[in-house]
Amino acid sequence: MCTKDDLKIGICGKKSMVVSKQTLATNLGNEKIAVFSTPNMIAFMEKTARESVACYLKDNCTTVGIAIDIKHINSVKENETVTCFTELIEIHKKRLVFKCKVVNDDIIIGEGIQQRYIVNIDEFMN
C-alpha cells in the first residue's frame, strides 16, 4: 500500500510560474505563436497535482498521469505569471481525479480534469 491514512478528497495544490521562452509554442514548431504552449500548460497542471499529494504517499511511491481532459482557453505571453490550482475530487482505489485550473490574474487560461494513478516506483519501473 502506497498511501498514508490521511489521503482524502479535497486536497488542494497551488503553484505559480513565470512563462519563459522555453515554455512557448515557438519551441514546439509553431514559430509564429509566442505564447504559453498547451503541452507546457498540461505539464504544469500535472506537476501541481502530483506535488499536492506527494506528502500523502509512502516513500518510493508516486503518481503517474493516466488521462487528461483539458481545454486551453486563453493565451499568455512570455514573462507573464500563471498560477495553477488543483483539487483532488475523487479517489477510487489507486486512481486519483483532479480538477485543474491555470489562471493569469483572474483570466482562466486552461481548465479541466486529470487522472493520476498511485504506483510503487520500483514495481512500476520493472
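Visitor: Leaving aside neighbours within four places in sequence, which residues is Gly112 in contact with?

Guide: Gly112 is in contact with Asp69, Ile70, Phe98, Lys99 and Cys100, once neighbours within four places in sequence are left aside. Contact means heavy atoms within 4.5 Å. From Gly112 to Ile70, C-alpha to C-alpha, the distance is 4.3 Å, although the two are 42 residues apart in sequence.

Visitor: What kind of model is this?

Guide: This is a predicted model, where local features need pLDDT of at least 70, side-chain atom pairs count only at pLDDT 80 or more, and totals for chains, interfaces and linings use all residues. Residues are numbered from 1 along each chain as its sequence is written, and side-chain values use heavy atoms, with hydrogens and water left out.

Visitor: Why does Gly112 count as buried?

Guide: Buried means under 20% relative accessible area, exposed means over 50%, and partly exposed lies in between (1.4 Å probe, protein chains only). Gly112 has 17% relative accessibility, so Gly112 counts as buried. Gly112 is found in strand β5, residues 107-120.

Visitor: Which residues have the most contacts inside the largest nonpolar core?

Guide: Leu7, Val53 and Val102, in a core of 25 residues. A nonpolar core is a set of buried Ala, Val, Leu, Ile, Met, Phe, Trp, Tyr and Cys residues joined through side-chain atoms within 4.5 Å. The elements α1 (38-54), β2 (61-72), β3 (81-92), β4 (95-104) and β5 each supply at least two residues of this core. Its largest share, 5 residues, comes from α1. Val53 touches Leu7, Ile11, Thr63, Leu88, Leu96 and Phe98, not counting residues up to four places away in sequence.

Visitor: Why is Val76 called buried?

Guide: Val76 has a relative accessible area of 1%, so Val76 is buried. Val76 lies in the loop between β2 and β3. Leaving aside neighbours within four places in sequence, its contacts are Val19, Val35, Phe36, Val82, Asn104 and Ile109.

Visitor: How do you know that Ser52 counts as buried?

Guide: Ser52 has 10% relative accessibility and therefore counts as buried. Ser52 is in helix α1.

Visitor: Why does Asn79 count as exposed, and why does Asn60 count as partly exposed?

Guide: Asn79 has 59% relative accessibility, so Asn79 counts as exposed. Asn60 has 32%, so Asn60 counts as partly exposed. Asn79 is in the loop between β2 and β3, whereas Asn60 is in the loop between α1 and β2. Phi of Asn79 is near 75°, a positive value in a residue other than glycine. Phi of Asn60 is near 70°, again a positive value in a residue other than glycine.

Key
Helix = DSSP H or I, 4+ residues; strand = E, 2+ residues; numbered from the N terminus.
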